[in-house]
Amino acid sequence: TRLLRSLKDLSHIGEIRQRGFMAGIELVQNRSTKAPYPLEQRIGQRVVLEARRHGLFLRPLGNVIALMPPLTVTVRELTRMVAIARESIRTVTMS
């Protein structure tokens with residue numbers, strides 16, 4: 001939870017929803033208005049492809065990216081996953 005909260009400072013993060021180890025990270029054009037990206041921009045897919053280039057597999061669900069680490073994940077691995085997700089979001093959204 002603490003690691004995921006660190007993503008909230010990115011300007012294109014709307015909401016982070018979490019249930020156990022599964023998390024959904026909503027990508028928005030404007031955080032203050034929560035204006036979504038047009039689906040034609042495929043922002044979730046673009047972030048997923050960028051993360052994959054760095055060894056992290058995420059799942060796009062429209063403008064939400066899903067992070068579903070295995071139950072055997074270590075804190076070190078989770079830290080790396082969140083760092084890759086952060087950089088992938090920043091690269092794609094230019095924030």
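Q: Is Glu15 buried, partly exposed or exposed?
A: A quick word first: this is a predicted model, where local features need pLDDT of at least 70, side-chain atom pairs count only at pLDDT 80 or more, and totals for chains, interfaces and linings use all residues. Residues are numbered from 1 along each chain as its sequence is written, and side-chain values use heavy atoms, with hydrogens and water left out. Buried means under 20% relative accessible area, exposed over 50%, and partly exposed in between (1.4 Å probe, protein chains only). Glu15 has a relative accessible area of 34%, so Glu15 is partly exposed.

Q: Which residue forms a salt bridge with Glu15?
A: A salt bridge is a side-chain nitrogen of Lys or Arg within 4 Å of a carboxyl oxygen of Asp or Glu. For Glu15, the closest N and O atoms of the bridge are 2.6 Å apart. The partner is partly exposed, with a relative accessible area of 39%, and its name is Arg17.

Q: How many salt bridges does the structure hold?
A: The pair Glu15 and Arg17 is one example, and Arg90 with Glu87 is another, at 3.5 Å from N to O. The count for the structure is four.

Q: In which helix do Glu50 and Arg53 both lie?
A: Helices here are DSSP runs (H or I, at least four residues), strands are runs of E with at least two, and both are numbered from the N terminus. Glu50 forms a salt bridge with Arg53, with the closest N and O atoms 3.2 Å apart. Glu50 is buried at 14% relative accessible area, whereas Arg53 is exposed at 62%. The two are three residues apart, about one turn of the helix, and that helix is α2.

Q: Which residues does Leu56 touch, not counting residues up to four places away in sequence?
A: Contact means heavy atoms within 4.5 Å. Leu56 is among the residues with the most contacts inside the largest nonpolar core. Setting aside residues up to four places away in sequence, Leu56 touches Ala51, Leu67, Met81, Ile84 and Ala85.

Q: Which backbone oxygen does the side chain of Thr93 reach?
A: Thr93 lies in helix α3 and counts as buried, at 9% relative accessibility. Beyond residues up to four places away in sequence, Thr93 touches His12, Tyr37 and Ile43. The side chain of Thr93 also reaches a backbone oxygen at 2.6 Å, and that oxygen belongs to Ile89.

Q: Which side chain does a polar contact of 2.8 Å join to that of Tyr37?
A: A polar contact is a pair of N or O atoms within 3.5 Å; within protein, one must be able to donate a hydrogen and the other to accept it, and residues adjacent in sequence count only if both atoms are side-chain atoms. Tyr37 sits in the loop between β3 (35–36) and α2 and counts as buried at 8% relative accessibility. Leaving aside neighbours within four places in sequence, the contacts of Tyr37 include Leu27, Asn63 and Thr93. The polar contact joins the side chain of Tyr37 to that of His12.

Q: What is phi of Arg42 near?
A: Arg42 is found in the loop between β3 and α2, and at 52% relative accessibility Arg42 counts as exposed. Its phi is a positive value in a residue other than glycine, near 50°.

Note on methods: Core = buried A, V, L, I, M, F, W, Y, C linked by side-chain atoms within 4.5 Å.
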